[in-house]
Each structure stands twice: as C-alpha cells, then as structure tokens.
Amino acid sequence: MTATRTAVKEDGFMVIDRLTASLQSLGTPEFGNEKAQAGAVGPALLCPVIPEDWGDAAEAAAAQGCRWAGGWGEARGESWVVNALLEKSGDYLLLRTVLPPGRTGLPSHTPHFPGAARPERHTRDLLGLKFIGHPDDRRWVRHQAWGEREFPLRPDFPLAGQPPAVTAPDRSYGFASAHGPEVNEIPVGPVHAGIIEPGHFRFLALGETVLNLEERLGYVHKGIEKLAVGRDPEGLARLAGRVSGDTTVGHAWAACQAMEHAAGVAPPERALWLRAIFIERERVANHLNDIGAICNDTAFAFGHSQFSRLRELWLRDNLRWFGHRLLMDRIVPGGVAVDLPAEATSAMPAAMAALRSELEELKPILDESTIFQDRVVGAGVLSERIVRELGCLGYVARACGIGRDVRERAPHAPYDRLGVKAVTRGDGDVAARLYVRYEELLASLDILDQCLRRIEPGPLRADWRTPPANAEGLGLVEGWRGEIATYVRFDGAGSIVRFFPRDPSVFNWPALEKLILGNIVPDFPLCNKSVNGSYSGHDL
C-alpha cells in the first residue's frame, strides 16, 4: 500500500484497513514452519489468511463493497499458494492463503463474487486445485488436450506437454439446452469468417430473439504462465508484450512495473513520460479501430473507412517515430528502449491537431445518421448491477456510469501529475460504449499534449539490480480495454518463477452473455464488437 493517503481516497483506505484488521484476526497461514507475514506487494497490501477462513474473507470483502480484481495460484515446494486481489476506491488488498501438502481444496469466492467464476476454473484446470462451492465443475481451459490427472502449471509438467497425435473433440461440454419446437440452438465458431482468434458461442433463440448465450473460450491457450518460468527480466517483458498483441504496451508496462516493484528499481522521469506517450498512442489506435468496426457492423461503410484511415495514419507515425507500428518492445525493465526523436517532437502536435479536427468533423455525421443510431442506441444494454457483480472494466464499466480507471483512482507516475478524469456514460448500451471510446480519444490527445510539454531531457533507463529470492511485485496499468493487473515473483538468481498477467477481458467477456439477452441474433456481431474482449489476453 502506498504511504500517501489523500482525502479523495480516504474511503478506500478506511475500508481496506478495516477489512485487513478483521481478516488478520481470523488466522495466519504458514509456509513450512514460518508464519506468513502481512506486508505490501507493489501497490497492494498483503493480507495472509488461513485456508479455513478463505471463504469468510471473501464474504467480508463483498460486504464491504470490494471488487474482486483477480486470482491465481502457484506451487511452492510441497505447498500451494492461492492469491485473490481486491480493490476498493483505488486501493488494493492481496489476500493470500497457503494449502499444506496433501490439501488441494479451498472455499470458492464465486458465491460472493460472480466474476471470480472463470479465474477459479482457470486455476482449477491448470493446477488441479478444487474450489469448494463453485457452481460450475466443467472444464474451462484444458478442453481435451490434457488428461484428467494432468495439470500444466504444476512444476513436474513439461513445458511442451505430452500432446496426443490427435486431440479428441470437445463433445462433452454441457451447454445449456432448451426443448420445444420454437427454440433454436445456434452454434457459432470457434472458427469465424473473419481473421480473428477462435471462440465458440452457443445461442438459444426464440425466433431471432436471444434467450441465452454461453461462451466457450480457451482455444488459443499458449502456456504463457509456464513459458515465463526461468526468463530474465528482458525476456519476460518481451513475453508480456505478446500476451495480447493489441495491448503490447499495456501488458509490457504492467509486467515491467511489477518487476520494478520487486527489484526496487525506479525508472527515470523521461522514461515514465515516454511510457505514457506509448500507452496513450496505443489507446488512440485501438479506439479508432473499434469505432470503425462498430460502424462496419451497422453497414455504415463511410464511418468504417474513415476511422480505419485515421488509425492507419496513426500507426504509420508510430513506425516512423518509434520503430514499430504497435510499439512492441518499446517498454523494457527499468525504462524504455527508444527515445522521442526530434522529428516527433515537432510533428506530433500537428498530427494530433489534425486527428482532433477530423474527429470533431466525423462525430456529427455519426450523431445524425438515423440508420446508424437506430442500430446502436438501445442495443446490448448492460445494467450497472451486472457490471458490479462481474467486476467489468474499462469502457464496459464506464459506459454504465462506473468510473473505473487506474489513471484516476490509483495513479502511478506520471499519471499522478496529470489529473486524469474517467469518461463515463450512463446508458450502458452499444452507443454508450462507442461514445465513451470517442471521448477517451479526445482525452488521450489532451494527455499526449501534456506529456509532450512536460517531458524533460534525461536518461531512458535505470540500471537493473537483481532482486532477492522470492521478491514479488504487482503492476497495475490502465490499458485501453481497462485495468491490467500483473504479478511476478523472482528466484534467487534474478529469474522469474511466477508470472500472471490478468487482462481486463477476463471480466468483460462474461458481460457479453448478459447484454445480448433480449436482442436479436443478427445484432450479436455489433454487441460483441462493442465489448471487444481479447481472446488471446483471456486464453493465457
């Protein structure tokens, strides 16, 4: 937990402090013969609890209005360590418990936090831990690629696995069903017509009206968590930048921030401003792309072509000024890999002014297109209650009036000096998610302008120091889809022994199952694009 407590965040501090005090009275787990100690992991306060009190801790946190922000586990010797990240008003609490040798069961947090359902299934499938009271015992990540007693994240499981010559089809997954002559079951995917990653969607529809939707993801599971083991900081940063290719800056920054917390390394000022420039440019590129894609799904070809053109010009500037269209590998441990060239210093303000002018010209065209507005207004409505239950993030939450934005609620440098305000809307429909993006485009241009005016000459990278054994860190960054939370732990030689990147899509994908209800099947592509979850970021 950061030492400075501001008046704005007092409510969050009070809740976290009160919750921590009550949980610490429950009992403290042991690593071997040593008591686990409360402390800090990056910006989060660490609170150990015994396994028997794991469920009570979730119940207490839910009663205090906390948000469940992520969960992961790992093997440490003969024991299992399970973590759950909680957030309240921009302050973070990391619950941790230790399962002794021979014990693999733990109370589920899902009854208290519905958004914990899939992360707990992920941990169960890859580590073999059991969450007692979890409402869904179906496989989530592993499909049929591994046997019933094979768990890919266990230390004795080989990195390449033991794949069969042919993976059996996943025929036994129990999708919800309905019977009756008027109810249709419609399977979509996992292979799609466009050049996108795979995901399966199973609809139950009465005529064209959607009665139920179930998602089946995990088809692009890459073994990211296993691939990270043994990497040095440079290697981990490169891997993090490939968790989700459209969020390469966000994931790389979160991973580097976590490693820097663990190692006690502070990036120089110029590097921090450059990181902000990179991530805001990433935000702009993706919001332009999404707005264009939403136009495309309403058959508004003019809007699609214009926003695609603007995105392409933006990416070409990235390549010319920073050496990569997507800014991949520009953020490295301790700083950045490239500087702001003189050409960019002079040309970027003009390019931003040109983009702002075009956005101001295009917005009335969207607003006044009755065909476009008829498709997006009132489609895919998501309620504030569902957003809070699932822990949705980014524009999905902000379109429902919930201003979750790390840059405002838990600002790290240099955002602690920029005064970012979350852009919110209240209608929760496709139009609201589109216009939040639109206003965030303009806000990002303002942020970029501040960065260019305030950046000063200086070094690009701090000297790296090897962190001590078991040093751990947590990184929190507002990616373009929302909050990214990344955990790392080092061994005694400076290599990674645990890496867990939590993409915001983990909490936004389930919202799609809710907001599509009552809409017609042909509106699914539009609703889906308005959420635009990352398959790759979800399917670690």
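Which residue's side chain meets that of E389 in a salt bridge? Notes on the charged pairs follow.

1. Basis. This is a predicted model, in which local features need pLDDT of at least 70, side-chain atom pairs count only at pLDDT 80 or more, and totals for chains, interfaces and linings use all residues. Residues are numbered from 1 along each chain as its sequence is written, and side-chain values use heavy atoms, with hydrogens and water left out.

2. E389 and R385. The partner is R385, at 2.9 Å, N to O. A salt bridge here is a side-chain nitrogen of Lys or Arg within 4 Å of a carboxyl oxygen of Asp or Glu. Both residues sit in helix 11 (residues 384-390), four residues apart, about one helical turn. Helices are DSSP runs of H or I, at least four residues; strands are runs of E, at least two; both are numbered from the N terminus. R385 is exposed at 54% relative accessible area; E389 is partly exposed at 34%. Cut-offs: buried is under 20%, exposed over 50%, partly exposed in between (1.4 Å probe, protein chains only).

3. R325 and E312. Their side chains form a salt bridge at 2.9 Å, N to O. R325 lies in the loop between helix 8 (301-322) and strand 13 (331-332), and E312 in helix 8, so the pair ties together parts 13 residues apart in sequence. R325 is partly exposed at 30%, and E312 is partly exposed at 24%.

4. R398 and D405. This salt bridge spans 3.8 Å, N to O. R398 is buried at 0%; D405 is buried at 2%.

5. Total. The whole structure holds 45 salt bridges.
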